[in-house]
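Dear colleague,

I am handing over the structure we spoke about, together with a written account of what was found in it. Please read the account beside the coordinates.

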Amino acid sequence: MAALHQTAASLQAKLLPTIRISRTTPANLSFSATFPSRRLRLGHLRSHAATKMSTSAAGSYAAALAEVAASNDTLEVTSADVEKIESVFADPQLFDFFANPTIKVERKLEVVDEIASSLSLQPHTENFLKILVDAKRIDIVKEIVTEFETVYNKLTNTELAVVSSVVELEEQHLTQIAKQVQKLSGAKNVRIKTQIDPSLVAGFTVRFGNSGSKLIDLSVKKQLEEIATQLDLGNIQLTV
């Protein structure tokens, strides 16, 4: 994670000036360079809207990427790539750079090269980002990440559990949480994502199920709210 933050900081420094460059021959944006037998080009991605996974644009792109990864037996590595992309594009300045229509496509492709090199992305993941830039759909990259997680979880029978806590939990505690989620969900695999939420005061919450529909709340905040309800103090705001 530290390496990702360093990458984002490095790219941020390079993006501050708007660099003008001469127009060059557009990069080859097809997946055929990586998978000659499949020849998945931009047109194929656009026609993928009929996928059973999702009818949304983000879902179509995500399903196409997952299809390529599965066909090349790189689904796990590609999933790791997508997590890296999520971390990098969490930087508002980097996201705004790619979403800015006044910046030339060639410049954006150069930055994609830098990102791919810094994060050691798979060739097909790098090409996928370039397709999004060329199609002017890089602005939905965050939605694509979310949709890819859904596709990945379905393909691998994986339950995603989002654990929120005030401080980072130890590995052994996360393992115990994963086992409990697996027992409750019946999933073959459990994938844990962690996030820090100071408002919980102490303890943690676990969200899993379809769109996070199921919640395990073991936070002090929840306990305080229950106590306030029992004492009929519901209108009192608790200041942390």
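What follows goes through the sheet, a helix pair and the salt bridges.

This is a predicted model, in which local features need pLDDT of at least 70 and side-chain atom pairs count only at pLDDT 80 or more, while totals for chains, interfaces and linings use all residues. Residues are numbered from 1 along each chain as its sequence is written, and side-chain values use heavy atoms, with hydrogens and water left out.

The sheet

Helices (H or I, at least four residues) and strands (E, at least two) are DSSP runs, numbered from the N terminus, and two strands are said to pair if DSSP finds at least two bridges between them. On these terms, four strands make up an open sheet with mixed pairing, in the order β2-β1-β3-β4. Its edge strands are β2 and β4, each of which pairs on one side only, and from one strand to the next the twist averages 20°. Helix α9 (residues 171-185) packs on this sheet and touches β1, β2, β3 and β4, in contacts defined by heavy atoms within 4.5 Å. The direction of α9 makes about 130° with that of β2, where axes are lines fitted to C-alpha atoms, for helices over the stretch in contact, and angles run from 0 to 180 degrees between N-to-C directions.

Strand β3 (residues 204-208) is mostly covered, with four of its five residues buried; here buried means under 20% relative accessible area, exposed over 50%, and partly exposed in between, with a 1.4 Å probe and protein chains only. Strand β1 (residues 158-165) pairs with β3 in the antiparallel sense over four bridges. In that pairing, S165 has F204 as its bridge partner in β3, and V162 stands opposite R207 of β3. Strand β4 (residues 214-217) also pairs with β3 in the antiparallel sense, over four bridges, and F208 stands opposite K214 in β4. β3 and β4 form a hairpin with five residues between them, and G209 in the turn has a positive phi of about 85°.

A helix pair

The axes of helix α3 (residues 57-71) and helix α4 (residues 75-88) come within 8 Å and cross at roughly 140°. L65, A66, A69 and A70 of α3 make the contact with L75, T78 and V82 of α4. The residues of this contact divide into six nonpolar, one polar and no charged, where Ala, Val, Leu, Ile, Met, Phe, Trp, Tyr, Cys and Pro count as nonpolar, Asp, Glu, Lys and Arg as charged, and the others, Gly among them, as polar.

Salt bridges

A search of the whole structure finds eight salt bridges, each being a side-chain nitrogen of Lys or Arg within 4 Å of a carboxyl oxygen of Asp or Glu. One of them joins E86 to K193, with the closest N and O atoms 3.2 Å apart. E86 lies in helix α4 and K193 in strand β2 (residues 189-196), so this pair ties together parts that are 107 residues apart in sequence. E86 counts as partly exposed at 32% relative accessibility, and K193 is partly exposed at 23%.

In another salt bridge the side chains of E114 and R107 meet at 4.0 Å, N to O; E114 is partly exposed, at 23%, whereas R107 is buried, at 6%. K130 forms a salt bridge with D113, the closest N and O atoms being 2.8 Å apart. That pair links distant parts of the chain, with K130 in helix α7 (residues 123-134) and D113 in helix α6 (residues 105-119), 17 residues apart. K130 counts as buried at 9% relative accessibility, while D113 counts as partly exposed at 35%. Finally, salt bridges that share partners join E83, E86, E149, R191 and K193 into one network.

With best regards
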